[in-house]
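Q: I would like to learn how to read a model like this one. Please go through it feature by feature.

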Amino acid sequence: MSDLSDNTPRCPFTLDRRRFLQGLGAAGAAAGLGGSAWAESRTDATSSHDVTGAPVSTTTQQSHPFHGRHQQGILTPRPATGMVVVCDVLARDRAGLERLLRILTERIAFLTQGGTYPKRDPSYPPADSGILGPTIAPDALTVTVSLGASVFDERFGLADAKPKHLQRMTGFPNDALEPTRCHGDLSLQICANTHDTTIHALRDIIKQTPGLLMVRWKQEGTVPVMPPSPDTPTPSARNYLGFRDGTANPNTDDDALMDSLIWTGDDPDEPNWARGGSYQVVRIIRNFVERWDRAQLAEQEAIFGRRKESGAPLSGGSEYDKPNYNDDADGKITPLDAHIRLANPRTPGFEKHRILRRPFNYSNGVEANGQLDMGLLFIVYQADLEAGFITVQKRLNGEPLEEYIKPVGGGYFFTLPGAIDEHDFLGRTLLEATETDV
Amino acid sequence: MSHRSLFFAASVFGLMVLQTPAQADVDPETLVEPIAEYKLYVLDNLDQFVSHTEKFTQAIEAGDLERAQALYAPTRVYYERIEPIAELFADLDASIDAREDDYENGVEDPDFTGFHRLEYGLFKEQTTQGFTPYAKQLMTDVNDLESRVQDLTFPPAQVVGGAAALMEEVAATKVSGEEDRYSHTDLWDFQGNVDGSQKIFELFKPLVAEEDPAFVDRVEKNFAAVEDTLAHYRHETNNPEAGFVSYEKVSETDRRAFVGPVTVLAEDLATLRGKLGL
């Protein structure tokens, strides 16, 4: 037994510290992040403090602008960690809701740009959890606020302003929804380079909103970090089934395309206040990974319609090449029920059903049967919930992949338009649109 | 019970957490009187706790299941009120009030004693059979607690901090209904914790009222909100002695209605030590 560790192959990714730091320093410098200073200061450190010395990063000062027509965290490049926290609003009237939205705006504006917390008399509780120290770095943090259909009930007088397609999520045939991980009044999508930055942001928001928000459920996730790649566009990150995910996303650099596919506004049936917002779908999709890892590679690739290693479509080429279904009407190359072919058949007119995927992988613990509880924290955005996710998911009902996945939670939300400047607050247009003179 | 008024009751809370607290400037001498008064409150509750525990344990020893069940919640209330002091004696707190979650082997653990061990017998197994040793142990522990508290010099920080600690108890284990999971008498404990917290606040209120009237006003409104919500679940609205309905009868929506004012009270009362320079 005691020999076990000697027989265990060394992790192939274990590099010596110097090489690791040099590599990262070079990458940081290449990206214009000025990462050399810490590299010099750390590479020669040999004291015993190194064991518990904080791991270093060159990207803590990355920040994304908070103010703008749209909220951050949608077209923003997805960082390595993210979570969705769904809350119920405890405020009981419009004044309370407005206070909540103003506090959220103020906290997010601070947290995403970084800064220093005020010091307090030590006989008081401190102003902040302190888990990132007295001065916080932005670390590419984004916090995206969205509202569930339940907020548009009788409590706040918002019923007449509900976005046209916003509704309570209903189960699809393969779903096994758990009530404790579904729905809610308000979702916070919190993303950052490191997990602790997201946790810090969440604890700050909870601390600042007592009596206004109550956490209903939360799911954290990550995506695998890759070494810098010369390829453009960057290869998509992989999910816990080992496949690249998000390849067919619409081009987020194309403003006109984003205006038609992602941002609500063009549809005359949508309320005017919602212009610049987006429909957010969150799904917790359990993956049966042990069973998947025992499935033959050819079956895995047929289920997705892509090569596992490269992400290329089965019809050939590389990851971002368009799959060719025209010469494959009976599905001999890409099965007709392959995931990517069902989700996007590439037929004329289907462009309007495209959605923007921004998922994370999650790992929660162990099921009673000893199998790992892990899967995909699926997050997508679209201008039209019906034309987007609901249409696509209906097409996927019954797909062979269902044998290996089980959606267990989630909800539909409407991501508020952005706060345009420091005088604005998230949700202002909604509250103004529903003001009544009494 | 009216949902409309429940929501109204819950809507008065509010908190300005971003305020910068003023430096405390309280003469330590002024703490002497409220501390002494608090000790009288604790001793009075302990006195009642002892006599109620006598009746409760006698019912178990006499094999009177129905009576023992009826006395379970009314007895615990006195302990729940004075928990900030009772918890100073960790050994007794464990043997009197530990829950099965505190033991790796749960209910089967030989060290698991006290109220919640008896609760399991009375409400889950529906029997007093074999519980006499637990009843005798409880009586011994409660008597021991009373004599130890009588000899105790009350630490001011512990007393003042107790106001917030009791609200943390409510937030952590009462709202979820896990404290009394077999008897579902959580609202009794809930009321006990709130009473104990409010007593401490009332005793020290004169020392902070002048400097921060908004704080006092907010705390009073939130206590009133909790009190109003609790009253909806009493058998007799204005009579706490008449007891409460089962916590199972409290809907999810109404459980959430508790969370708002309880959380704001916990945040606010956590600054009481700071305000008094403790």
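This is a predicted model: local features need pLDDT of at least 70, side-chain atom pairs count only at pLDDT 80 or more; totals for chains, interfaces and linings use all residues.

Q: Which annotations does UniProt give for chain A?
A: UniProt positions are given in the numbering used here, feature names are shortened, and annotations may be inferred rather than shown by experiment. An unreviewed UniProt entry places "domain: Dyp-type peroxidase N-terminal" at residues 71-221 of chain A. Over residues 71-221 the chain is 23% helix and 24% strand, and the end C-alpha atoms are 20 Å apart. The annotation "domain: Dyp-type peroxidase C-terminal", also from an unreviewed entry, covers residues 237-418 of chain A. Over residues 237-418 the figures are 20% helix and 23% strand, with 27 Å between the end C-alpha atoms.

Q: How much of chain A counts as buried?
A: A residue is buried if 20 or more other C-beta atoms lie within 10 Å of its own, exposed if 12 or fewer, and partly exposed in between, with C-beta atoms placed from the backbone. In chain A, 39% of the 438 residues count as buried.

Q: What share of the contacts in chain A comes from residues 24 or more positions apart?
A: Two residues are in contact if their C-beta atoms, placed from the backbone, lie within 7 Å. Among contacts in chain A with a separation of 6 or more, 75% join residues 24 or more positions apart.

Q: Which phi value does Ala140(A) have, and where does this residue lie?
A: Ala140(A) is not a glycine, yet its phi is positive, about 65°. Its place is the loop between β3 (135-136) and β4 (142-148) of chain A. Ala140(A) is buried because 24 other C-beta atoms lie within 10 Å.

Q: Is Arg346(A) buried or partly exposed?
A: Arg346(A) has 15 other C-beta atoms within 10 Å, so it is partly exposed. This residue sits in the loop between α9 (339-343) and β8 (356-357) of chain A. Arg346(A) also has a positive phi, about 60°, although it is not a glycine.

Q: What does UniProt annotate in chain B?
A: The feature "domain: Imelysin-like", from an unreviewed UniProt entry, covers residues 36-258 of chain B. Over that stretch the chain is 68% helix and 0% strand, and its end C-alpha atoms are 32 Å apart.

Q: How are two packed helices described?
A: Two packed helices are described by the angle between their axes and the distance between the axes. Axes are lines fitted to C-alpha atoms, for helices over the stretch in contact, and angles run from 0 to 180 degrees between N-to-C directions. Helix α8 (residues 156-174) and helix α9 (residues 186-208) of chain B pack at about 160°, with their axes 8 Å apart. That makes α8(B) roughly antiparallel to α9(B). Angles under 35 degrees count as roughly parallel, over 145 as roughly antiparallel, 65 to 115 as roughly perpendicular and the rest as oblique.

Q: Which residues of α8(B) and α9(B) meet?
A: Among them are Val159(B), Ala163(B) and Leu166(B) in α8(B), and Phe190(B), Val194(B) and Ile200(B) in α9(B). By class, this contact has 11 nonpolar, four polar and four charged residues. Ala, Val, Leu, Ile, Met, Phe, Trp, Tyr, Cys and Pro count as nonpolar, Asp, Glu, Lys and Arg as charged, and the others, Gly among them, as polar.

Q: At what angle do α10(B) and α11(B) cross?
A: The axes of helix α10 (residues 213-231) and helix α11 (residues 252-269) of chain B cross at roughly 150° and come within 9 Å. That makes α10(B) roughly antiparallel to α11(B).

Q: Is Arg81(B) buried or exposed?
A: Arg81(B) is buried, with 28 other C-beta atoms within 10 Å. This residue lies in helix α3 (residues 65-81) of chain B. Not counting residues up to four places away in sequence, Arg81(B) touches Asn45(B), Gly192(B), Asp195(B) and Gly196(B).

Methods
Residues are numbered from 1 along each chain as its sequence is written. Chains are lettered from A and ligands numbered from 1 in the order in which they are written. Helices (H or I, at least four residues) and strands (E, at least two) are DSSP runs, numbered from the N terminus.
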